[in-house]
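Work through the exercises below with the model open. Try each task before reading its solution.

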Amino acid sequence: MVHYVANKVQQPAVVLLYHRVTNLQQDPQELSVTPAHFDSHLAHLAADYHVLDADQFLYHVKNKKPFPERSVFVTFDDGYADNYLEALPLLTRHQVPALFYITTSKINTAFELWWDDLERVLLTGNGLPAALTLNINGQRREYGTSTLTAIRETYYALQQELRFCKPAVIDAAMEQLYEWSGKPATGRASHRLMTWEEVKAMGSAAYATIGCHTHRHPAVGMLTYEEQYTEIGMSKEILEGVLSQPQVHFSYPFGGRKFLGIKRYYNADSIKACKALGLQLVCANYHGQVHSWSNPYALPRILVRDWPMDVFRRQLQQFFKY
């Protein structure tokens, strides 16, 4: 009812969240959209919606201006290489702009983001020991790995455990996993992030804008204010140095509003740090619409899955109704 009344007062805008555009053999986090589906998404957006670029969207949010009817803003998180190699050519073909939030620590490296690394160690290949013991932040954890079902359960359990840990704790856990599994720290080419040359090329592309997404992708709400300021500020400083242009866009890693006890993806200190760093538009990751009165430091986004065209069309219609 609240959304219905709000939408009667003013037309909403919808922010879409993508992560990857590529074909993967397995995708346990459901972060990837196939190029064929993404191509159909963009064709539909270009034909039937008012797609705003980063400057236009910022103008409406910053100045509390109503959005044009059926406004959509396309965003990507993390900085995977396929954003440049596969998503950007399709965006350019359809003349649809998008904002790419970049996690900087593993740009230009052969290392994967930790959730992909967890998949690589546990869910690819055979020959794992029958049990796993990890020291996570000073506490002993035991997991079963004797069957495929047990391995998958361990994978998802560690996903939940590590996402609320600080970067050093995650790194220490991954080092233990490399030693336990006998697998190297070097990742897969299919899961690498962009190179700096690719980031620069994307930053100068007509249909792409670059934003910050922290340096090491922690749940910033689990950090002190000073740690948040440093983590967010480091990605901003690095990107400004590489791109020679100010960074005013940021998105919270994970970014959900749900919390369990003290476990939060972002909090009041996160917003305070973003303001102190001069960031002007900040996106989260929870279901919702954007109006001119929405908080510019915690904007909702709608996560897009690998939906075929008929599902994507229905989902978009629903996003603008509720």
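**Exercise 1.** Classify Ala206 as buried or exposed.

*Solution.* This is a predicted model. Start with the relative accessible area of Ala206, which is 71%. Exposed requires over 50%. Ala206 is therefore exposed. Finally, look across the chain. Thr92 is 114 residues away in sequence, yet the two C-alpha atoms are 7.6 Å apart.

**Exercise 2.** Classify His41 as buried or exposed, and find what its side chain reaches.

*Solution.* His41 belongs to helix α2 (residues 35–48). Its relative accessibility is 0%, so His41 is buried. The His41 side chain reaches the backbone oxygen of Trp307 at 2.8 Å. Beyond four places in sequence, His41 touches several residues, including Tyr18, Val33 and Phe312.

**Exercise 3.** Determine how the rings of Trp115 and Phe254 are arranged, then do likewise for Phe164 and Tyr265.

*Solution.* The model has 16 aromatic pairs. For Trp115 and Phe254, the centres are 6.2 Å apart and the planes meet at 65 degrees, so the pair is edge-to-face. Trp115 is in helix α5 (residues 114–123) and Phe254 in the loop between β10 (249–251) and α10 (268–276), 139 residues apart. Both are buried.

For Phe164 and Tyr265, the centres are 4.9 Å apart and the planes at 20 degrees, so the pair is stacked. Both of these residues, Phe164 and Tyr265, are buried too.

Definitions and conventions:
Residues numbered from 1 in each chain as written. Predicted model: local features only at pLDDT ≥ 70, side-chain atom pairs only at ≥ 80, totals over all residues. Heavy atoms only, no water. Buried < 20%, exposed > 50% of the residue type's maximum accessible area, 1.4 Å probe, protein only. Helix = DSSP H or I, 4+ residues; strand = E, 2+ residues; numbered from the N terminus. Polar contact = N/O pair within 3.5 Å; in protein donor to acceptor, adjacent residues only side chain to side chain. Contact = heavy atoms within 4.5 Å. Phe/Tyr/Trp six-rings, centres within 6.5 Å; stacked < 30°, edge-to-face > 60°.
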